[in-house]
Amino acid sequence: MDLHEPEVAKLPPRNPEPQVDPDALVFSAEEKERIAGYQKRYPTAEGAIMRALWLAQEKFGFLPPEVIRLVADELGVPYASAYGVATFYTQYYKEKVGRFVLDVCTCFSCQLCGGVDMLHHLESKLGVKAGETTADGMFTIQGVECLGACGSAPMMQVTNGPYIYNLTEDKLDELIEAMRAGSMPGFTSVTLPQDEDEMGGNRRTDIDEVAVYQTPPVAREID
Ligand code: FES
């Protein structure tokens with residue numbers, strides 16, 4: 001398999017086989033109450049779609065069409081509205097995913113600092129392409145849009161949780177081995193290069209040398 005051959009966009013099937021047992025496809029009374037609570041916070045039911053989809057994903061693990069429809073019906077909104085939100089964000093999983101979902105940012109800042117290289121490194125290491133899951137069900141990898149941590153590019157997120165900053169191939173190798181062993185290593189975030197020379201092209205090589213990043217105070221006392 002050539003991991004780097006251009007991907008041809010595949011349309012999802014129009015009427016896929018349901019993947020959730022119809023008997024299990026219900027919200028409990030407590031979940032319905034939580035969804036009703038979300039609705040009260042917004043002027044229209046559409047406003048609660050994101051929260052309700054999130055609740056459904058936590059319950060079912062992913063969002064196949066029948067789960068998206070369940071959410072739409074519970075909120076009383078058109079299926080297309082819920083489907084549009086679920087398919088816009090990579091944080092909503094439309095297919096079953098592995099135990100760890102590795103979202104490598106390939107948006108502008110991360111791309112300039114090697115985000116695509118990091119994604120390709122993971123593809124080669126794990127033997128799957130972006131959007132796929134390893135045969136052992138351990139890892140799903142995907143390239144994603146900006147995750148709001150451009151100052152620590154290239155970066156990735158693990159299963160909609162921890163951010164891993166300033167990625168290098170070594171750091172990814174360490175991370176994969178640690179996850180296989182059932183833990184998560186601690187990492188230190190460092191500053192971005194300060195000038196063109198330090199960049200040495202568009203990939204930094206001085207990760208270990210630069211100072212630890214200190215977040216400046218964001219508030220000051222007013223007399
Ligand atoms: S471009 Fe990667 S976090 Fe913003």
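**Exercise 1.** In this predicted model, find how many of the eleven residues of helix 3 (residues 65-75) are buried. Then name them and say what covers them.

*Solution.* 
Step 1. Apply the cut-off: a residue is buried if 20 or more other C-beta atoms lie within 10 Å of its own.
Step 2. Count. Eight of the eleven residues in helix 3 are buried, so by this cut-off the helix is mostly covered.
Step 3. Look at the neighbours. The cover over these buried residues includes helix 1 (29-40), helix 2 (49-60) and helix 4 (79-88).

**Exercise 2.** Decide which residues of strand 1 (residues 100-105) are buried on each side.

*Solution.* 
Step 1. Take one side. Phe100, Leu102 and Val104 are buried there.
Step 2. Take the other side. Val101, Asp103 and Cys105 are buried there.
Step 3. Six of the six residues of strand 1 are buried, and both faces are covered.

**Exercise 3.** Work out how strand 1 pairs with strand 2 (residues 139-144) and with strand 3 (residues 156-158).

*Solution.* 
Step 1. Start with strand 2. Strands 1 and 2 run parallel, joined by six bridges. Val101 has Thr140 as its bridge partner.
Step 2. Turn to strand 3. Here the pairing with strand 1 is antiparallel, over three bridges. Asp103 stands opposite Gln157.

Notes:
Residues are numbered from 1 along each chain as its sequence is written. This is a predicted model: local features need pLDDT of at least 70, side-chain atom pairs count only at pLDDT 80 or more; totals for chains, interfaces and linings use all residues. A residue is buried if 20 or more other C-beta atoms lie within 10 Å of its own, exposed if 12 or fewer, and partly exposed in between; C-beta atoms are placed from the backbone. Helices (H or I, at least four residues) and strands (E, at least two) are DSSP runs, numbered from the N terminus. Two residues are in contact if their C-beta atoms, placed from the backbone, lie within 7 Å. Two strands pair if DSSP finds at least two bridges between them.
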